[in-house]
Amino acid sequence: MKHKFAAQLFTVRDLLKDDFPGVLRELKEMGWAGVQISGLFGYSKEEIAAVLQETGLKAAGLHVGIDRLREDLQAVVEEAEAFNTKDIVCPFVPDELRTVEGYQALKRDLNEIANKLKGDGYRISYHNHDFEFETMINGTPALEYILDPAGQNQVLAEIDTYWVKKAGYDPLDFIRKYAHRMPIIHLKDMTLDDNQTFAEVGTGSIDFNPILAWGEENGVEWFAVEQDECPGDPMDSLQISLDNLNGMVEKLTTKTN
């Protein structure tokens, strides 16, 4: 399972502006198998692709805003091709789209994009926050509407464990409906205090052991760690998360043997 752990680069966004290649090399040394890309920060796709090739880091998908998906899809596909990934993830929608009509348009457009690209093997996913639970569509939260496995819906899930818990749901229970429809999951922990802010994986209130076990049996290809805010150096936070995940894998392996 360790070969499925990826660092979401939004975690280290401030460091990437100064030395994107150096950060990638350090993450490889730290022991990450992959990274999830959320922007180029002034570098070219060719420069970043070359460092991925040099280090052996895999690209665990791209996070791409809905505006770029709608207006600049060919360039997005070229980036995905350069990074050798088939996963393109819409990570967020702006305030003005957080309405019934906005979510309906989002689902329609993501399906159109998915159908257009599926012949080339690309997959379109949606990454949640907690605000998608605030709007109801046909009696269900907007997130469940967007990701509904029924019918011809092509939009796959990239569930973020922290935001699901923040919205009042149990992350393990929530992900069950997306078996084999979630190539990438976001592992993000929540502090144990009343602030309920972001925490290093394995230090907070979410039990990731059953989530890892479920993911292994239900088609998760990448476990991506993202920490929106870190108390100190974000590289230190990523090291803590990776160390804790590796420890969980050791325990899971021992149980199954």
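User: What is the relative accessibility of E250, as a percentage?
Analyst: E250 counts as partly exposed, a class that lies between buried, under 20% relative accessible area, and exposed, over 50% (1.4 Å probe, protein chains only). The model is predicted, so local features need pLDDT of at least 70 and side-chain atom pairs count only at pLDDT 80 or more, whereas totals for chains, interfaces and linings use all residues. Residues are numbered from 1 along each chain as its sequence is written, and side-chain values use heavy atoms, leaving out hydrogens and water. For E250, the relative accessibility is 42%.

User: Which residue forms a salt bridge with E250?
Analyst: A salt bridge is a side-chain nitrogen of Lys or Arg within 4 Å of a carboxyl oxygen of Asp or Glu. E250 meets this definition with its closest N and O atoms 2.6 Å from those of a partner that is itself partly exposed, at a relative accessible area of 35%. The pair joins distant parts of the chain, 248 residues apart: E250 is in helix α10 (residues 234-256) and the partner is in the segment before β1 (5-8), with helices (H or I, at least four residues) and strands (E, at least two) being DSSP runs numbered from the N terminus. The partner is K2.

User: How many salt bridges does the structure hold?
Analyst: Further examples can be named beside the pair of E250 and K2. D72 and R68 form one at 3.8 Å between the closest N and O atoms, and D72 is partly exposed at 34%, as is R68 at 30%. Another set links D160, K188, E226 and D228 in a network. In total, the number of salt bridges is 16.

User: Which residues have the most contacts inside the largest nonpolar core?
Analyst: In soluble globular proteins, nonpolar side chains tend to be buried together. A nonpolar core is here a set of buried Ala, Val, Leu, Ile, Met, Phe, Trp, Tyr and Cys residues joined through side-chain atoms within 4.5 Å. The largest has 79 residues, and its largest share, seven residues, comes from α10. Those with the most contacts inside it are L27, L69, Y126, I159 and L187.

User: With which residues is L69 in contact, leaving aside its neighbours within four places in sequence?
Analyst: Contact means heavy atoms within 4.5 Å. L69 is one of the residues with the most contacts inside the largest core. Its partners are V64, V76, I88, C90, L110 and I113.

User: Why do the buried residues of α4 lie on the same side of that helix, and how wide is their arc?
Analyst: In α4 (residues 73-82), the buried residues are L73, V76, V77, E79 and A80, and among the elements that cover them are α2, β3 (58-63) and α5 (100-117). On the other side, Q74 and E81 are exposed. The arc is that of the directions from the helix axis to the C-beta atoms.

User: Where is V201 placed?
Analyst: V201 is buried because its relative accessibility is 1%. The C-alpha atoms of V201 and R108 are separated by 34 Å. V201 is placed in the loop between β11 (198-199) and α9 (209-217).

User: Which residue follows α9, and what is its phi near?
Analyst: The buried residues of α9 are I211, L212, W214 and G215. They are on the same side of α9 because they cover an arc of only 165° around the axis. After the helix comes a residue whose phi is positive: G219, near 90°.

User: Is S237 buried or exposed?
Analyst: S237 lies in helix α10. Leaving aside its neighbours within four places in sequence, S237 is in contact with E200, Q227, C230 and P231. Because its relative accessible area is 3%, S237 is buried.
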